[in-house]
Amino acid sequence: MKVEVFVDATASLGTLDRRVYGQFIEHLGRCIYGGIWVGERSKIPNIKGFRKDVLEAVRAIRPPIVRWPGGNFASAYHWEDGIGPREKRPRRFDLAWKVEEPNEFGTDEFIEWCRLVNTEPFIVVNAGNGTPEEAARWVEYCNSKGDTYYAQLRKKYGHSEPYNVRLWGIGNELYGRWQVGFCIDGEECARRTIEFANEMKRIDPEIELVGVGCEDPEWNLDMLKIAGGYIDYLSVHIYIRGDKPYRELVASPTDIEDRLKGVFYLIKVARRKWKIRKDIKIAFDEWNVWSSEATCIKEAIFTALVLNSLQRLCNAVAIACFAQTVNVLPLIVTRDDGSMFVNPQYLVFKLYSQGIGNEVLKVTVDAPSYYSKEIARPTCFIDASATMREDAIYIHVINRNEEEEAECRIKFRGFMPVAARHLYISGRSINDRNTFDEPNNVSIEEGKDISIKGYEIILKLPPHSVNLLSVRR
Ligand code: AHR
């Protein structure tokens, strides 16, 4: 397969918000307990109770932001259960997932873990069976510099400095009947959002708020019309079924890109109609493919395609959180015997973290396509996105073709390549994966066959591969 990619260094699509490489951790299954947290007395190596191998693996992908505590869990979580001496914290029945919650991991643990990972915390308050007052107290506990009750409580528990949590979500998926405290329609959710925003912002006017959105235009219009002046982001969650044929799975990110564009156009229309001055963007704060088994190269290709879409959507999507980081639809898989491995999807985040610029460039691709029945359109075998920072351009190129390698020529406008490095993930087949027994079966490899001729780079892209080209001038 012969393909051409054209990168225009003189045409910027916009500035990339690095928060689109965010993660999501929830009190669900073994994500927190057994994944993030094992407790100080565990035999598993840990730092202050945080599982050390997971901590290091998360740090290595440099997530700019991590969303917590849910997800559905957030809608029945009362944060005051999770502070203070651990042995005194109540063991509760979690209404969301119908399991027991020990509350060993709470706000202070989350913030400390974020500091160790070097990431920004993003907290979702309980707008299900919680109250605006409870949410405002949480903001006070985290951010107040004063000497009021909840600020004193934080200090009493050993944290004299405010946490300065900037980003807060008001509720999770409140449109769904599966959600504790769901809303009947967007209007109800909008009124609830205003009440929460009003109280939370009185404590800290600097915080940024994410309101519950979805793909239902009626819901979103109600949210924007009524609560548009109170929120900074509208959330969208998309999960793709993992049991699709390979070519359909890797066509689906094109559809995700269109669906997100659709939500953003609606936001723009609503802002114009109701004269909302706030520049509302999308928080795509849960996304993944819903696969029942350990994930393989095919899910890695899907993941990279979504990340490329998010680069192109830099003017629409400011935040995105991969669901989830550990043990639940995971990047990282752990066992209670202390072993761990990473899925190829993890390697995608690692690869992307090794080369991202801040300006998204215009890219065009000339390559063969196949027809996707599900999204009813031709899907190009090659997807490419490029970002630029100072003297470097980072090109993320994905070869969807599971059978053929691509002979790829990359041409530039306004940029003379002098040095280039090629890293890729491919495996031997689309079903190749890592396991506890073979944790390094799939890895990031270095491409050896890359050359520069004038304004062109020539290289081979293996079948079913995710590639990073770091190019300097
Ligand atoms: O990620 C698992 C669940 O999926 C989350 O709790 C919920 O928000 C979504 O429906």
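The legends below describe close-up views of a predicted model, covering its ligand site, pockets, cavities and strand pairing. Local features in this predicted model need pLDDT of at least 70, side-chain atom pairs count only at pLDDT 80 or more, and totals for chains, interfaces and linings use all residues. Residues are numbered from 1 along each chain as its sequence is written, and side-chain values use heavy atoms, with hydrogens and water left out.

View B. A polar backbone atom of N72 lies 2.9 Å from an oxygen atom of the ligand, while a polar side-chain atom of E173 is 2.8 Å from a ligand oxygen atom. In the side chain of Y239, an N or O atom is 2.8 Å from an oxygen atom of the ligand. On its own the ligand has 280 Å² of accessible area, of which the protein covers 92%, with areas from the Shrake-Rupley method and a 1.4 Å probe.

**View C. The largest pocket.** A pocket is an open set of points on a 1 Å grid over the protein atoms alone, with protein on both sides within 12 Å along at least five of seven lines, and lining residues have an atom within 4 Å of a point. The largest pocket holds about 360 Å³ of space, a volume being the space filled by probe spheres set on the points, which are joined across faces, edges and corners. Of the 24 residues in its lining, E257, R312, I382, D383 and A384 lie nearest the centre. By class, the lining of this largest pocket has 11 nonpolar, five polar and eight charged residues.

**View D. The second largest pocket.** W37, G39, E40, R41, R86, E87 and E104 line the second largest pocket, whose volume is about 220 Å³. Five charged residues are found in this lining, together with one nonpolar and one polar residue.

**View E. The cavities.** A cavity is a set of grid points where a 1.4 Å probe fits but cannot get out, and the model has two cavities of 30 Å³ or more. The largest cavity, with about 50 Å³ of space, is lined by 13 residues, of which R67, G171, V210, S235 and D285 lie nearest its centre. The second largest cavity contains about 30 Å³ of space and is lined by R18, Y21, I61, R62, F349, Y352, S353 and I356.

**View F. Strand 16 and its partners.** Strands are DSSP runs of E, at least two residues long, numbered from the N terminus, and two strands pair if DSSP finds at least two bridges between them. Strand 1 (residues 2-15) runs antiparallel to strand 16 and is joined to it by eight bridges, with G14 having V360 of strand 16 as its bridge partner. Strand 16 is also antiparallel to strand 19, to which three bridges join it, and here V360 stands opposite T387.

How values were computed:
A polar contact is a pair of N or O atoms within 3.5 Å; within protein, one must be able to donate a hydrogen and the other to accept it, and residues adjacent in sequence count only if both atoms are side-chain atoms. Ala, Val, Leu, Ile, Met, Phe, Trp, Tyr, Cys and Pro count as nonpolar, Asp, Glu, Lys and Arg as charged, and the others, Gly among them, as polar. Helices (H or I, at least four residues) and strands (E, at least two) are DSSP runs, numbered from the N terminus.
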